[in-house]
Each structure stands twice: as C-alpha cells, then as structure tokens.
Amino acid sequence: MKTFKKILLILIYTFFLSLLALFLWKPYLLNVLKYRTPNAETFKIFPQEVSHKSDSVFHFIRSVKQRNDLDTLHVRDGDNRSIPLKDYLKNGQVNVFMVIRNDSILYERYAKGYSDSTLTSIFSGAKSMISIAVGQALADRSISSLNDKVTRYIPELKSNPAFEQITLKNLLDMKSGLEFQDALGGVIKAFFSDEAKYYYTDDMKAQLMKVKLANKPGTVWKYKSIDPILLGWVLQKATGKSVAQYFETYVWKKIGAEYNATWGLDQVNGLANTASRFQVTAIDLAKIGRLYLHKGKYNGKQVVSESWVDQSTHIGREKPASAKGWQKSAHHFLWWIPQEGDHGDYAAEGMLGQRLYIDPKTNTIIVQFADHGAGNYPYRKISRYLAGLPFSYPKD
C-alpha cells in the first residue's frame with residue numbers, strides 16, 4: 001500500500017510539473033484554459049487602441065412605423081427548418097438585429113442589455129475592416145502594389161524563409177501557404193490550435209516569426225488568422241501609423257461614426273489583432289455598409305476608391321476557392337460573397353453570428369450581433385421581401 005501511495009504521489013507530482021513546464025513554455029495557454037472560446041466580452045482582457053468617432057455624425061432615419069411583419073417572415077435556420085424570423089432570433093441568441101433600407105431603420109430587435117450603441121466584438125468581421133484599410137493604403141501609395149512581397153514591408157520576416165515568396169495578394173486571398181491549425185476537431189485540438197494561440201498570445205510578432213510554410217504561396221486557400229494579422233503588420237509598417245490610427249484617419253472619422261471603435265492589441269503598444277478583435281457599435285457598423293452601398297462615397301465625397309469596393313466585392317472570372325452554405329459564399333479579399341442565385345450581395349462575418357450584410361440590389365444593410373447564431377443565410381430573403389422582389393431557397 002505504501003509503495004502504491006508513493007507511486008501515486010510521484011505521478012501526481014510529475015503531472016503538475018509537466019503542466020507547469022507547459023504553461024512556462026506557452027504562457028498564452030493559461031488564457032486559453034481560463035477563457036476558452038471567446039465571447040463578445042472577452043476582448044476586454046486585452047489592451048485596446050481607439051479609432052475615434054467622427055466630428056460630424058451621420059444619423060439614419062428611424063422609421064415611424066417599424067416593419068414588425070418581419071417577425072412572422074419564415075426563414076431557414078441552420079437545421080434547414082423554416083421558422084418565423086422572431087424564433088430565428090431567439091434560437092440564435094441574437095443580441096442585435098437591425099435592418100436598414102434606403103437609409104431608414106425599418107426593423108430593430110435587441111436582447112436585454114443591448115442597444116444600437118453597445119460596443120461589441122465582431123470577431124472575423126475585423127478581417128473585412130483590414131481589407132478596407134489595405135485598399136486605402138494602396139490609394140494613398142503607402143502600399144505600392146498587391147504583388148509586393150510581404151518582406152518588402154516587414155524586413156524582419158526575411159530571417160524566415162517561409163515568407164520569401166508571399167505577396168500581399170496572397171494574404172488578401174488567404175493563400176499565403178503558411179501552416180495553420182484551426183480549432184476544429186475536439187477540445188484538446190482546440191486547446192493547442194493556432195486559432196487559440198493567435199487570439200490569446202501577448203506577442204503575435206514572435207509567433208509569426210516562427211511559422212512554417214505548408215503550401216506554395218498562391219496555390220491553396222485556407223481560412224486562417226495569420227494572413228489578416230500580417231496585413232495589419234504590413235499596414236503599420238507601410239504607413240507609420242497603428243491600425244487604429246490609420247483606420248480612424250482614413251475611414252472612421254470620414255463616415256459619420258457616432259461612437260469610438262477599438263482594436264484589440266496583443267500587448268500595450270503592440271500589434272492589432274486584425275483577424276478577430278475589432279469592436280464596434282451596431283449603428284456605426286451599418287455605416288461601413290452604407291459606405292460600400294455608395295461605392296465608397298460618403299455625402300458625395302470618395303472615401304474608399306470605387307475600384308477597390310468593386311474589386312473587393314466581385315469575384316469576376318476568378319474561380320471561387322470556397323463555397324460556404326446554400327448560397328455558396330466565396331471568401332474574397334476578406335469578404336464573403338454569395339455565388340448562388342442573384343449575385344451582388346456580400347457580407348463581413350464573424351463567429352457566434354456577427355454579421356454585416358450588404359445588398360446593393362435592394363439598398364439594404366443588415367447588422368446582426370449574437371451569442372450563438374441560428375445558422376443558414378436569411379438576409380437575402382429579408383432584403384428581397386422588403387423590396388417586393390421574388391425569392392426562393394434552392395431546392396433540397
């Protein structure tokens with residue numbers, strides 16, 4: 001019995017020593033263990049940098065008569081069931097759902113504690129925001145060309161041969177070829193995933209310096225955080241401004257933003273996580289949608305070049321590298337662009353159901369913040385319903 005207890009104590013001691021060694025080796029794992037899958041509030045544990053609001057605020061028109069008939073409009077959920085929109089929002093734990101058409105807010109629903117001015121993380125919706133900023137940097141010639149090698153702007157990466165042939169276009173296309181382990185496949189895999197590492201680490205630059213090449217750049221699409229984070233680093237080096245400063249100056253202050261937005265950093269004065277930590281209010285995120293509806297113009301002035309808006313939101317003859325959901329959305333320049341049925345609408349999307357949907361055909365913007373999301377893609381049906389246009393889901 002004494003021998004058994006001794007062996008047990010040794011095993012327990014060895015286990016805790018191994019854990020200690022693991023957390024000393026990879027300290028970010030403590031945050032992974034503590035916070036696990038982030039929620040809309042997790043961004044608060046990180047340092048933030050502010051993109052300050054506009055000096056002159058744009059206000060959407062609040063319709064006197066809300067379109068409450070949308071409550072009973074049947075849409076499909078993630079299980080492909082046809083249910084009323086009201087139930088869709090409830091089942092998806094939707095915190096904000098705002099529908100805007102022709103600059104008028106026609107329908108808005110809020111969970112307890114939420115309003116159109118609640119600052120919320122839109123997770124991967126941040127990727128679309130850095131896409132906008134890259135377009136701006138191209139327009140002002142801070143970035144010369146998307147065909148430039150990433151090492152032109154981040155010479156530190158020359159020490160890692162994985163970056164020798166990677167272009168900015170590869171990063172925008174998520175075809176860098178860099179190795180990346182997603183969080184799918186169970187608890188253990190998620191715990192040690194690159195997804196968790198880049199979200200919780202306090203030194204993204206150090207992690208990026210060590211990454212390996214898995215595929216030839218430009219050949220294989222893989223959804224990952226590394227590519228947009230690198231674009232944020234490029235932007236910072238190319239412009240001499242932080243991502244938050246640049247976005248504030250060239251986008252946020254120019255579109256009538258009513259509230260400050262924030263970018264989560266890995267450390268104080270560090271690198272912005274441009275893959276998943278942009279925080280914004282619903283009413284102001286809708287103004288990004290409005291900017292793109294107007295082909296980059298705000299009150300008649302060109303903020304984002306029309307060619308960049310067009311290039312970002314239309315695939316053209318390019319063969320889609322991805323096809324998500326029934327709408328077969330392709331990921332292009334860090335936006336999601338449906339390929340099924342009528343073309344033209346597109347979205348910025350983040351995990352747990354964060355959405356900015358834009359439909360130029362009906363002049364509609366939909367903003368959704370959620371804790372879970374009910375799945376599927378009800379936005380096109382809503383926009384076409386409000387415009388009195390026919391719509392039908394594809395046959396099963």
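Glu349 is buried (under 20% relative accessible area, against over 50% for exposed and in between for partly exposed, with a 1.4 Å probe and protein chains only), its own relative accessible area being 6%. The side chain of Glu349 meets that of Arg355 in a salt bridge, a term that stands for a side-chain nitrogen of Lys or Arg within 4 Å of a carboxyl oxygen of Asp or Glu. Arg355, at 18% relative accessibility, also counts as buried.

This is a predicted model, in which local features need pLDDT of at least 70 and side-chain atom pairs count only at pLDDT 80 or more, while totals for chains, interfaces and linings use all residues. Residues are numbered from 1 along each chain as its sequence is written, and side-chain values use heavy atoms, with hydrogens and water left out.

The count of salt bridges comes to 21, among them the following pairs.

| Pair | N to O distance |
|---|---|
| Arg355 and Glu349 | 3.8 Å |
| Asp342 and Arg384 | 3.2 Å |
| Lys197 and Asp194 | 3.1 Å |

Lys197 and Asp194 both lie in helix α8 (residues 194-200), three residues apart, which is about one turn of the helix; helices (H or I, at least four residues) and strands (E, at least two) are DSSP runs numbered from the N terminus. Both Lys197 and Asp194 are buried.

Asp342 is partly exposed, with a relative accessible area of 38%, whereas Arg384 is buried at 2%. Asp342 and Arg384 are also linked with Asp359 and Lys361 in a network of salt bridges.
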